[in-house]
Amino acid sequence: MFIFGNLLLGVAKILDLLLNAYMWIIIISALISWVNPDPYNPIVKFLRGITEPVYRPIRRFLGGRLGMIDFSPLIVIVVIIFIKTVFITSLIEFAYKLKTGGMV
């Protein structure tokens, strides 16, 4: 169980790192959108390509109900924080219990 606990801990930490990186990508994308960026810039294309598939269902769900302000980045960040708080923390605690042989 020690090896499985370490493996699970490694997976949890990698998922946490990926969620942190994606949250920063969303923040940078939102900041860049405020300055009307060049749509042909490769960085802008990358940021839009990686964030738009996540924003699209949220925008479709919200429709035009919230006016001119796009709340989809904020909603995605809240969801990421929820996933990190509930699932990643639980996964890390479960992995530590497996490592130490504690009651599961």
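This is a predicted model: local features need pLDDT of at least 70, side-chain atom pairs count only at pLDDT 80 or more; totals for chains, interfaces and linings use all residues.

Biologist: Which residues make up the largest nonpolar core?

Modeller: That core has 11 residues in all: Leu-19, Tyr-22, Met-23, Ile-26, Tyr-55, Ile-58, Leu-62, Val-76, Ile-77, Ile-80 and Ile-88. A nonpolar core is a set of buried Ala, Val, Leu, Ile, Met, Phe, Trp, Tyr and Cys residues joined through side-chain atoms within 4.5 Å. Buried means under 20% relative accessible area, exposed over 50%, and partly exposed in between, with a 1.4 Å probe and protein chains only.

Biologist: Which elements give two or more residues to this core?

Modeller: They are helix H1 (2–33), helix H2 (42–62) and helix H3 (72–100). Helices are DSSP runs of H or I with at least four residues, numbered from the N terminus.

Biologist: And what does Ile-77 touch?

Modeller: Leaving aside residues up to four places away in sequence, Ile-77 touches Met-23, Ile-26 and Ile-27; contact means heavy atoms within 4.5 Å.

Biologist: Is Ile-81 buried or partly exposed?

Modeller: Ile-81, in helix H3, is partly exposed, with a relative accessible area of 43%. Its C-alpha atom is separated by 9.1 Å from that of Asn-20, 61 residues apart along the chain.

Biologist: On to aromatics. How many pairs are there?

Modeller: The count is 1 aromatic pair. The ring centres of Phe-82 and Phe-87 are 6.3 Å apart and the planes are at 85°, so the pair is edge-to-face. Rings of Phe, Tyr and Trp (its six-membered ring) pair if their centres lie within 6.5 Å; planes under 30 degrees apart count as stacked, over 60 as edge-to-face and the rest as tilted. Phe-87 is partly exposed, at 48% relative accessibility.

Biologist: What about the loop between H1 and H2?

Modeller: Asn-36 is found there. Asn-36 has a positive phi of about 55° although it is not a glycine, and counts as exposed at 71% relative accessibility.

Note on methods: Residues are numbered from 1 along each chain as its sequence is written. Side-chain values use heavy atoms; hydrogens and water are left out.
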